[in-house]
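Let's walk through a protein chain together, step by step. Have a look at the model below before reading on.

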Amino acid sequence: MNYNGTSRFSGNHTIMFIRVITLSLFLIAAAFPASCLLQAQTVATPGQTALGGGTAFSTGLSAHFNNPANLMTRQDQRRHQVAAGAGGFYYSTGAALRNPFALYDELLPYFIPEDLESVAELDPADRERMFFGSDRFHQTQAYEIIPVGYTWTGKNSAYSLAFRSRGISSFEMNRNWYENALEGEDTEATFLRYMNDNYQVYHEISVAFAREVTMVNQWHSGLNTLYIGLAPKLLLGGMYSQIRYRSEYRPDGDIWLNTESMEVQAAGNMNAYLEDLLFSNDPAQASRNHLGSSSNMNTSGYGIGLDAGLTYIIPLGDDTSLSPHSSEPLRKSLRFSIALTDLGAIRYGRNPGEWQTRTVTRPQSQISENSARFDGKPGEFLQYLHENSQESTVLDNLDRTGDSPFTIQLPTELHTGAALQYRWFASMIDLNYRFNSPDFRTDGWRLSLASEVRLLDIIPLTGSVQLNPGGYAAIGAGAGLDLGYLRVSGALRLFRSDEESPQWQINSISGLAMQVRF
């Protein structure tokens, strides 16, 4: 690489270049309709929660799983980082969460199952809130925890080792689930109810590597540098289930002809629970036998995955930190990044099962109105079907159609981003595309505009605006205490509720208990 000690971009040329690139990115983002944008749900670290991305700006532990190329961008002169206790929770019931510290208790039963209780009743006010302005309701609870991670950054390469656990519980239903065919409506039309439910927990052991792409960097003079990062990972699957239920009522004179269908794909303790439920006819006992506090630590499948990224850095002004003779961190730079995360799959081979109902049509004098409350906890939907006399026959017709191992892809995401850093201020834009979404959101683009400000060098303040489906916005905010050798931080994400009296509510919280640098 040919270093001449200065960047090729300086003065007015630098300012003009920044303006052109920033404007281009905004025009690209604006080209996608708001209805195609996804709500960000990454909550593994406070930086990701507060920034809604940070593909070009994240460093350290956040970079490991977001863009491993950024492991090469040091935050200070220290080469080693040890982080412990990073993680976050996502809570999307739509109900107001007045106390963010209660989020842990709200989500605990989803991923550390407790004994199933009888399904609670849903009152009309909550029902209207759920479906306000829509014929469909979906709810997702998720967590990401990184108990420990280690990063070493040298001059020409960087390495990182981290462990992560992730879980998601998500379901969707239509408004007809809680309604019946009313008098005066079109009784010639088919009346449809459906419920879809996804549940998955898995754990990752990831090793990351980053270095300078010298072949590309030799093509130009100056300090501009391209980095590449790769992070292969071993995946250990916990419980998994996917349920698709459909109940169709067709009018036939004075009666309704009801046809139910259900498909279930499950592995590990979740499949064992279903087998026990069908055999014993006792959901409470089946839950106690198979859905305990350690159920998600039992490995039901194995897989491999990959996170990869590229980051191109242009030092600005008199910043020479990318010189081979400098050990200073970047202070003034323009960065561009592209990354692909969660490319891979898990193959479930421990107690796998595929189930499907036989087609049975039954006459019904009327369509009953359901009032059972669903939260998406493990086994809850199957318990409801067992306890509801009108719907329970679907379990009687459920047959096992396969017991071969099956493969489930990870929720792959493409990240693109740019960041402008100038001493105590940084601004960034991220445009991401998500595939294989497990939470019943349409695969597509999402946009985040964010910044970090350090009015005091030891107190980083971060914030972002994240565009969601239908033009709705979420706001991320975070703060930390950075003493150089020690850092702690936290972040929240808020959304504007979709109801008669909209209000800002918390749906995500993330924290980093401790990061030590030496």
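Predicted model: local features only at pLDDT ≥ 70, side-chain atom pairs only at ≥ 80, totals over all residues.

Residues are numbered from 1 along each chain as its sequence is written, and side-chain values use heavy atoms, leaving out hydrogens and water.

The chain has 10 helices and 19 strands; these are DSSP runs, with helices (H or I) of at least four residues and strands (E) of at least two, numbered from the N terminus. Of its 518 residues, 54% count as buried. Buried means under 20% relative accessible area, exposed over 50%, and partly exposed in between, using a 1.4 Å probe and protein chains only.

Now for the rings. Rings of Phe, Tyr and Trp (its six-membered ring) pair if their centres lie within 6.5 Å; planes under 30 degrees apart count as stacked, over 60 as edge-to-face and the rest as tilted. By this rule there are 21 aromatic pairs. Tyrosine 159 and phenylalanine 209 have ring centres 5.2 Å apart and planes at 45°, so this pair is tilted. Tyrosine 159 sits in strand β3 and phenylalanine 209 in strand β4, so the pair ties together parts 50 residues apart in sequence. Tyrosine 159 is partly exposed, at 43% relative accessible area, and phenylalanine 209 is partly exposed at 30%.

What about tyrosine 240 and tyrosine 348: is the pair stacked or tilted? Their planes lie at 25°, so the pair is stacked. Both tyrosine 240 and tyrosine 348 are buried.
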